Every structure is written in C-alpha cells, then in structure tokens.
Amino acid sequence: MDAQLAKQHTVEPFYFEYTTRDAIMYALSIGCKAKNDLPYLYEGAEGFMPLPTYVVAPGFQANQILGWPGLDIDFLRMLHGEQYIESFEPLPAEGRLRSETRVVDVLDKGSGALIMTEITTYNASSGKKLAMQQICAFQVGGGKFGGAKSSPHEKKGSDIPKRPADKIVSEATSEDQAALYRMGSGDLNLIHIDPEKAKMVGFNTPILHGLCTMGFITRHVLNAFANNDARLFKAIKVRFASPVLPGQTLETHMWDKGDRVVKETGKTVVSNGYMLLHGKTGKGQAKL
C-alpha cells in the first residue's frame with residue numbers, strides 16, 4: 001500500500017440517474033411498509049421523498065477503487081467495516097446526481113489496511129451538495145506497510161451508555177431481504193445471493209448486506225425519535241461487527257442523548273453507532 005499515492009490520485013465524477021420507481025424499490029428493500037411508510041413508497045403521496053440512505057446507491061457505484069494507484073486490492077479478502085453518511089439537502093424525488101470520490105487515508109492496522117474513501121454527491125442540475133459518505137473498507141492481509149495508525153479524517157463511533165435503552169425496536173427481516181436489497185440498491189455482490197460464492201469467502205449461506213441492516217436501523221430511529229420524518233435525518237455512523245442472515249430479526253436498542261441515537265443487538269451486528277437528527281440539541285447517541 002502507498003497511502004500518499006492513493007490520496008493524490010483523482011478520478012472523473014460519476015453520474016447516476018434515478019426515478020421515483022428506483023427510490024421506491026430501495027425503500028421496499030429496507031423493509032418499508034405501505035401502511036406506515038407511504039411518503040417513501042408512493043410517488044403521489046404528500047411529501048414523497050427518497051429515504052436519505054438511498055444515497056448509498058450512487059455511492060456504491062462511485063466507489064470503484066479496484067486498480068486505484070497506491071492500493072493493493074483483493075475483493076475476496078476485503079470487508080466493509082464502517083459507513084458514515086451526512087445529509088446536507090434532501091434527495092430530489094428523481095434526477096441526476098454527480099458524485100466525486102477520493103481516498104482520504106490508508107491506515108496500517110497490522111493484520112490489514114483500512115482504506116478510507118469519501119464520496120460527495122451533488123445535484124447534477126443545480127450543483128447543490130446533497131450528501132457525503134465515508135466508507136471504511138478493511139483489506140485483510142494488507143497491513144504492515146509502515147503507514148499511519150489513525151487519521152484526522154476518521155468519523156469515530158460513539159460509546160454505548162451503560163443504562164438500559166430508552167427505546168427498543170424489533171423487526172424480522174425477510175428470507176428474501178438480500179435478494180430485494182440487490183435490486184433496490186444496485187449492490188449485486190454474489191455473496192448475498194449465490195450459496196457457492198458465499199461459501200468461497202467463508203459463509204455457509206448468503207448474508208445480508210451491511211447497508212441493508214443500516215437501512216433498517218435508520219427506519220427504526222426515524223420512527224422512534226422523528227415521527228418517521230426523514231427530513232429530520234442529519235447523519236448516521238455504523239460499524240459492522242458481524243453478519244446478518246436473511247430472515248433473522250434485528251433488534252435496535254436506542255439511547256436518546258440529545259442529538260444522537262446509538263445502536264446495538266443481541267448478537268452485536270452493528271456497534272458504536274449513532275444517528276444525528278435535526279432539531280436535537282446537546283450531546284447524544286443510540287445503539288443497535
């Protein structure tokens with residue numbers, strides 16, 4: 001790994017077009033139901049809008065780091081470790097987006113390298129900045145290259161409060177959840193659908209996308225603390241701790257500490273996470 005070379009490299013912006021149908025497919029893929037989530041599922045509903053986490057769809061396609069100068073990539077040994085999303089403006093109901101990708105750091109963690117990329121997404125028509133994502137990918141075996149151990153760019157997680165959760169939401173995923181999320185997000189990684197490909201990387205069966213789990217968490221927090229109003233979404237940070245299988249139940253434990261909501265589960269699948277909401281003040285967090 002050559003962190004300096006990777007950070008200096010620039011690429012052309014990535015353009016992504018979507019319709020209301022695409023945004024609705026994404027909402028369905030992270031568990032939205034017509035009874036409670038009509039503004040995210042019906043283009044004719046008052047206040048219709050894509051969920052803010054739909055920005056992972058252009059982000060996924062823009063984050064093409066295979067062959068990136070300074071990075072030694074083996075996707076079969078790469079893990080999606082952490083995700084951060086910050087929203088500056090609601091996504092338009094449909095439109096064309098421009099995303100700019102850069103590697104902001106490569107950290108030497110000994111057993112591997114932590115590759116930090118940031119993707120900033122704009123409305124291609126108006127030029128307005130809509131969102132920024134930070135993706136931390138862990139390249140197993142990529143460490144011991146003499147790089148830095150920490151980075152000023154890192155979006156750190158939150159400590160989990162020691163008191164009982166303020167709110168807990170439990171929701172079962174569908175056995176077809178990963179198949180739905182592939183279509184809703186555009187993340188077609190075969191380990192989420194093909195049993196043989198999943199076994200090749202050490203899983204007995206296809207696993208659920210970590211970002212699908214994040215989508216469920218986002219919905220849980222919005223319902224618990226924001227009256228299911230996605231306009232109040234400000235930011236989310238998650239650290240993926242262990243895989244989820246389609247059909248398993250997600251239980252989100254949430255602590256309201258002013259401006260954050262932190263998350264965790266029975267078997268921890270996301271740790272030290274938080275979500276920021278507009279209109280919240282003070283220090284705070286929440287757990288899944």
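This is a predicted model: local features need pLDDT of at least 70, side-chain atom pairs count only at pLDDT 80 or more; totals for chains, interfaces and linings use all residues.
The expected span of a helix is 1.5 Å times one less than its number of residues.

**Helix 7**
- Helix 7 covers residues 210–225, and its 16 residues should span 22 Å at 1.5 Å a residue.
- The end C-alpha atoms of helix 7 do sit 22 Å apart, so the model agrees with that expectation.
- Most of helix 7 is tucked away, with 14 of its 16 residues buried.

**Strands 7 and 10**
- Strand 10 (residues 270–277) is largely enclosed by the rest of the structure, because 7 of its 8 residues are buried.
- Its partner here is strand 7 (residues 233–240): strands 7 and 10 run antiparallel to each other and share 6 bridges.
- If you want a spot to start tracing that pairing, look at Phe233, which faces Leu277 of strand 10.

**Aromatic rings**
- Searching the whole structure turns up 5 aromatic pairs.
- One cluster joined by ring pairs takes in Phe16, Tyr18, Tyr26, Tyr54 and Tyr181.

**Charges over rings**
- Lys129 sits over the face of Phe88, 4.7 Å from the ring centre.
- Arg219 does likewise with Phe216, lying over the ring's face at 5.3 Å from its centre.

Technical notes: Residues are numbered from 1 along each chain as its sequence is written. Side-chain values use heavy atoms; hydrogens and water are left out. Buried means under 20% relative accessible area, exposed over 50%, partly exposed in between (1.4 Å probe, protein chains only). Helices (H or I, at least four residues) and strands (E, at least two) are DSSP runs, numbered from the N terminus. Two strands pair if DSSP finds at least two bridges between them. Rings of Phe, Tyr and Trp (its six-membered ring) pair if their centres lie within 6.5 Å; planes under 30 degrees apart count as stacked, over 60 as edge-to-face and the rest as tilted. A charge sits over a ring if NZ of Lys or CZ of Arg is within 6 Å of the ring centre and within 35 degrees of the ring normal.
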